[in-house]
Amino acid sequence: MYYDIIESPIGPILLAGNEKGLKRLIFLKGKKRIEIPSDWIENKEFFKEAARQLEAYFSGKLESFDLKLAPEGTDFQKSVWKALCEIPYGETRSYKEIAEFIGKPRAYRAVGLANNRNPIVIIVPCHRVIGADGKLTGYAGGLDVKEFLLKIEGSC
């Protein structure tokens with residue numbers, strides 16, 4: 001597995017993946033701490049395009065990512081993550097709306113858990129999921145980061 005750490009307006013971000021695609025995008029500042037496995041290989045060149053697209057996103061010049069993704073998870077999680085990618089830039093959805101979208105209208109709690117386990121934050125836009133009451137709910141990078149991302153997109 002290759003990795004790179006890039007700087008962003010919300011702190012350092014770890015990118016990890018291989019020839020199959022990007023497997024992880026993790027905030028290095030915040031609640032979740034990660035220790036990079038010793039068998040991972042640092043490779044800035046491998047993530048050059050991802051870093052370029054993230055920079056453009058943070059500057060408000062990119063609304064849709066075009067990267068090969070290879071998240072690892074259950075079939076249900078993958079269906080939720082795929083649905084997240086269908087949420088248009090500048091819009092939000094509730095957990096219930098995502099559950100209905102994937103054909104599991106009662107699974108909104110499971111959708112929340114899958115959202116929480118999203119391994120490729122920002123690019124798989126779990127920050128676009130909010131509570132049914134319209135309030136911001138938990139986020140791996142913290143609610144301040146979620147609000148920052150939604151402001152970039154003009155939906156907060």
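**Salt bridges, sheet and helix**

Tutor: Start with Glu 91 and Arg 93, which form a salt bridge with their closest N and O atoms 3.0 Å apart. A salt bridge here is a side-chain nitrogen of Lys or Arg within 4 Å of a carboxyl oxygen of Asp or Glu. This is a predicted model: local features need pLDDT of at least 70, side-chain atom pairs count only at pLDDT 80 or more, and totals for chains, interfaces and linings use all residues. Residues are numbered from 1 along each chain as its sequence is written, and side-chain values use heavy atoms, with hydrogens and water left out.

Student: Is Glu 91 buried, exposed or partly exposed?

Tutor: Glu 91 counts as partly exposed because its relative accessibility is 34%. Arg 93, at 25%, also counts as partly exposed. Buried means under 20% relative accessible area, exposed over 50%, and partly exposed in between (1.4 Å probe, protein chains only).

Student: How many salt bridges does the count come to?

Tutor: Seven, by this rule. One of them joins Arg 128 and Glu 153, with the closest N and O atoms 2.8 Å apart. Arg 128 is in the loop between H4 and E6 and Glu 153 in the segment after helix H5 (143-152), so the pair ties together parts that are 25 residues apart in sequence. H and E labels stand for DSSP runs numbered from the N terminus: helices (H or I) of at least four residues and strands (E) of at least two.

Student: And are those two buried or exposed?

Tutor: Arg 128 is buried, with a relative accessible area of 6%. Glu 153 is buried as well, at 5%.

Student: Which residues are linked in a network of salt bridges?

Tutor: Asp 4, Glu 42 and Lys 44. Within it, the side chains of Lys 44 and Glu 42 meet at 3.9 Å, N to O. Lys 44 is partly exposed at 48% relative accessibility, and Glu 42 is partly exposed with a relative accessible area of 48%.

Student: New topic. In what order do the strands of the open sheet come?

Tutor: The order is E3-E2-E1-E4, four strands with mixed pairing. Strand E3 (21-27) and strand E4 (41-42) stand at the edges with a single partner strand each, so one side of each has no neighbour in the sheet. Two strands pair if DSSP finds at least two bridges between them.

Student: How do E1 and E2 pair?

Tutor: Strand E1 (residues 2-6) and strand E2 (residues 13-18) are antiparallel, over five bridges. Tyr 3 stands opposite Ala 16 in E2. Helix H1 (residues 48-58) packs on the sheet and touches E1, E2 and E3; contact means heavy atoms within 4.5 Å.

Student: What about H2, which residues are buried there?

Tutor: In helix H2 (residues 75-84), the buried ones are Gln 77, Val 80, Trp 81, Ala 83 and Leu 84. They cover an arc of only 160 degrees around the axis, which puts them on the same side of H2. That arc is taken from the directions from the helix axis to the C-beta atoms.

Student: What do they pack against?

Tutor: Helix H3 (95-101), H4 and E6. The face turned away from the buried side of H2 carries the exposed residues Asp 75 and Lys 82.

Student: Last one: which residue has a positive phi although it is not a glycine?

Tutor: Ile 122, with a phi of about 70 degrees. Ile 122 is in the loop between helix H4 (108-116) and strand E6 (129-130), and at 1% relative accessibility it counts as buried.

Conventions
Axes are lines fitted to C-alpha atoms, for helices over the stretch in contact, and angles run from 0 to 180 degrees between N-to-C directions.
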